[in-house]
Amino acid sequence: MVSVGTFWRWGQLALALLIMAIEYVCRGVLGTVFNFLPIRMLCSVGLLPSQLSSSQGAISEEETEEEKDLERGTTEMIRARGYPCEEHFTVTEDGFVLGMQRIPHERYTQDGASEEPLQRDQDEGPRPAVLILHGFMQCSEAWVCRKDPANSLPLVLADAGYDVWLGNNRGNKYSYKHMKHAPTDEKFWDWSLDELACFDVPAMVDHILQRNGGAGLTLIGFSQGTAQSWAALSSSPRVASKVRLFIALAPVATVHGFSNPLIDSVARTRPDFISLLFGKRAFLPITVFWRNVLPRDRLVALLDYAVNFLFGWNCKCLDPAEKKLLYSHIYSFASVKAVVHWFQIIQSGRFQMFDESLLVRGPSNVSYVPSAQSLSVKAREHRSHSARRDSTTMTKNGYYASHVVPSYDPGQIVCPVALYYGGRDTLPNTPELLASLPSHLVLDAHCVPEYEHLDFMWACDVGSTIYSRILTVMGDSRKKGII
């Protein structure tokens, strides 16, 4: 007999599919209207929000700086705040063209009389290079879309004398090109976290050091930016030899899953369900459409509801008046395969490589190692030492798996690391991550009790609460010759 809980969950799923169908129809109708009627005319009569008109062309001179920031890109926002910015690109070994932004020095002089940087002793050599990586389904805009430069980590570091580089993962708006495949091809989106670690991180690191002239750099990541960094640093000696210090904000390796029981149960039972539902290309590209069409206050309300529905976050540390700007830059393209990869990590309880059999045979034929939450401490210790080596591993049902998916081990990093995490961040399994790291390499591990996930980029006081600590760690490492 079907339980009430099971019936309710399937009812929620049916409702979600119905909402998706309605959204598809509404988007189709609006798209048809847009093809026949000018956007500016619809905006002028109040049928569409005014920001849609500005997004169709150049930013109006009559708009305030805050309104202009809603549509500005990374370079424009950096320059609007008085900082220099260069645009770079590098090509990965598998053909993706990655866009990068560089802030080579501190803010221009306040009086605007000169666009020369503050004087610097040439004998000091190149400025220490820093690579900053964004989170899942984001781009570099998320780092600089702050009203106050003191709350923007790249700008804070530039003022402190660092050569700051903003990375962009394959597929997002600044890395939306491949040497062979078009974004309409499935092969363009055939990548997961593995490719970000194996190709994107090394390509960006090499390009930065070639331009900067230094022997190594500091790597800073947020959320998935930390995950691809853990993976790269633990699996590639070549990358590890070039990273002198790693700073992890809202660090992620293994994750607890979703707060919503329906979504969490889907993630744990059918990691490939997302690919069945959304295909094998970009994940939720419709977000760009609704981001442009919805009034900003409605967009804010919708995203507040979404993060609360999925993760239980209330975003109280964010300035409500700044959310329109922040949420305008929250999304960029990512692959469906990357989402499936995260669902696989949730189900397995392991920070492992992508299991290609998910998309070939389906989850019914794939066995996984038990999740960390279901194991005793002794069993977890045994798993950490043996599960990566054994060709056969006991599954949840007591049977031996047909294969073992290789895992990334953050404990194998060789560079110093600093971690900053939130007491109300429900997503990452931070205790397990901290326990896996070599204690002698951890320079700082600081928890902010009231912080959730997004707060490490966008909290009202993140500059004084977190970025000041980062400056201290980097300054001390600089004095010791680490960076």
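Helix α16 (residues 336-348) has 13 residues, which at 1.5 Å a residue should span 18 Å, and the 18 Å between its end C-alpha atoms agrees with that; the expected span is 1.5 Å times one less than the number of residues. The model is predicted, so local features need pLDDT of at least 70 and side-chain atom pairs count only at pLDDT 80 or more, while totals for chains, interfaces and linings use all residues. Residues are numbered from 1 along each chain as its sequence is written, and side-chain values use heavy atoms, with hydrogens and water left out.

**Helix α16**
- Helices are DSSP runs (H or I, at least four residues) numbered from the N terminus, and in α16 13 of 13 residues are buried, meaning under 20% relative accessible area with a 1.4 Å probe and protein chains only.
- After α16 comes G349, whose phi is positive, near 75 degrees.

**Helices α8 and α9**
- The axes (lines fitted to C-alpha atoms over the stretch in contact, with angles from 0 to 180 degrees between N-to-C directions) of α8 (residues 193-212) and α9 (residues 224-235) come within 9 Å and cross at roughly 70 degrees.
- Contact, meaning heavy atoms within 4.5 Å, is made by L193, L196, A197 and V201 of α8 and by Q224, A227, Q228, A231 and A232 of α9.

**Residue L262**
- L262 lies in helix α11 (residues 261-269) and is buried, with a relative accessible area of 7%.
- L262 and L310 are 48 residues apart in sequence and 9.5 Å apart in space, C-alpha to C-alpha.

Note on methods:
Helices (H or I, at least four residues) and strands (E, at least two) are DSSP runs, numbered from the N terminus. Buried means under 20% relative accessible area, exposed over 50%, partly exposed in between (1.4 Å probe, protein chains only).
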